[in-house]
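The points below may be followed with the sequence and the model side by side.

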Amino acid sequence: MYKILFLIVAIAIKSSLGCGEGNINTEPDYQLVFKVWSGSNVNPYDLWMNNTGTVGTSSESITALGNYKDGIVDIGWSTAKKVRIVFYDHEGWEISHAVFNAVGSTKSDFFTKANLLQSSWGGELKNSIPNEFELKATTRYWYINKSFGGCEGDITWNQVVYEGSSPGACAYENNHPRPTFLTTRGVAENLHTSSYVEKACIFATYLQF
């Protein structure tokens, strides 16, 4: 009976978030070490930075129900060669990704333009000078901004938003589940007006050793 009740609650949660089944298509040659789903009310940055060890179970590392962090993020980073971050849609298919050089970095400083090796944003990002490329920029995380233009003119490739019960600085950051994953396919977009900005369901990070 308890299993049935849990299944009903789980389905209701996933339906309300529009996350579908949420089973992600994992990356070959990489180890999944971090996964957060939209609407789980967890600050991804805090979970990433805190030395909490393993969070969640191996089954939750693949399915939408349950966030996951492998303890190797905290204790085994020094042997990593590459970092791959991926944003998935409600069916578990990739929307966007970026690959970084992990050699000589830490979990807190790998996310830089200098470490970027390749991304789904291609030459537009690789050959540009982003306005901001920060793991943490106030209440915006994993933030890659091309140019500021006020809230109605922000041109951005990627942004993770979580600020608890406080409203975001701009309207496009609000009225979404917390955390919110705003990302784009191919090119930077206006987060306020573009219909090509997507709200990812799952944010995952992989390491290659």
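This is a predicted model: local features need pLDDT of at least 70, side-chain atom pairs count only at pLDDT 80 or more; totals for chains, interfaces and linings use all residues.

**Notes on the fold and its contacts**

1. Among contacts in the chain between residues at least 6 apart in sequence, those that join residues at least 24 apart make up 56%. The secondary structure consists of four helices and twelve strands.

2. On burial and surface: the chain has 209 residues, and 51% of them count as buried. Its accessible surface is about 9700 Å², with 55% of that belonging to carbon and sulfur atoms.

3. Six strands form an open sheet in the order 2-1-12-3-4-5, and their pairing is antiparallel. Strand 2 (68-69) and strand 5 (116-119) are at the edges; each has a single partner strand, so one side of each lacks a neighbour in the sheet. Within the sheet, strand 3 and strand 4 are paired in the antiparallel sense over seven bridges. Lys-82 has Asn-101, in strand 4, as its bridge partner.

4. Strand 12 also contains Thr-205. Is this residue, Thr-205, buried or exposed? Thr-205 counts as buried because its relative accessibility is 1%, and the cut-off for that class is under 20%. Beyond residues up to four places away in sequence, Thr-205 touches Gln-31, Leu-32, Val-33 and Phe-34, as well as Trp-48, Val-83, Arg-84 and Ile-85.

5. The largest nonpolar core has 34 residues, of which Trp-48, Trp-77, Ile-85, Phe-100, Phe-110, Phe-111 and Trp-142 touch the most other members. Two or more residues of this core come from each of strand 1 (31-37), helix 2 (44-49), strand 3 (82-88), strand 4 (94-101), strand 6 (132-137), strand 7 (140-147), strand 8 (155-161) and strand 12 (202-208). Another core, of eleven residues, lies apart from this one and includes Ile-24, Tyr-30, Val-99 and Cys-201.

6. Trp-77 deserves a separate look. With its neighbours within four places in sequence set aside, Trp-77 is in contact with Trp-48, Ile-72, Val-83, Ala-102 and Ser-105, and also with Thr-106, Lys-107, Phe-110 and Leu-207.

7. Asp-74 belongs to helix 3 (residues 72-75). Which residues is Asp-74 in contact with, leaving aside its neighbours within four places in sequence? They are Trp-48, Asn-50, Asn-51, Thr-52, Gly-53, Lys-69 and Lys-107. Two of these contacts can be described further. The side chains of Asp-74 and Lys-69 are joined by a polar contact of 3.0 Å. A polar atom of the Asp-74 side chain lies 3.5 Å from the backbone nitrogen of Thr-52; the C-alpha atoms of Asp-74 and Thr-52 are 7.8 Å apart, although 22 residues separate them along the chain.

8. A search of the whole structure for disulfides finds one. It is formed by Cys-151 and Cys-170, whose sulfur atoms are 2.1 Å apart. The pair links distant parts of the chain, 19 residues apart: Cys-151 is in the loop between strand 7 and strand 8, and Cys-170 is in the loop between strand 8 and strand 9 (180-184). The link of Cys-151 and Cys-170 is left-handed, with -75° about the S-S bond.

9. Cys-151 counts as partly exposed because its relative accessibility is 30%, whereas Cys-170, at 4% relative accessibility, counts as buried.

Definitions and conventions. Residues are numbered from 1 along each chain as its sequence is written. Side-chain values use heavy atoms; hydrogens and water are left out. A nonpolar core is a set of buried Ala, Val, Leu, Ile, Met, Phe, Trp, Tyr and Cys residues joined through side-chain atoms within 4.5 Å. Buried means under 20% relative accessible area, exposed over 50%, partly exposed in between (1.4 Å probe, protein chains only). Contact means heavy atoms within 4.5 Å. A polar contact is a pair of N or O atoms within 3.5 Å; within protein, one must be able to donate a hydrogen and the other to accept it, and residues adjacent in sequence count only if both atoms are side-chain atoms. Accessible areas come from the Shrake-Rupley method with a 1.4 Å probe; for residues, only the protein chains shown count as cover. Two strands pair if DSSP finds at least two bridges between them. A disulfide is a pair of cysteine sulfur atoms within 2.5 Å.
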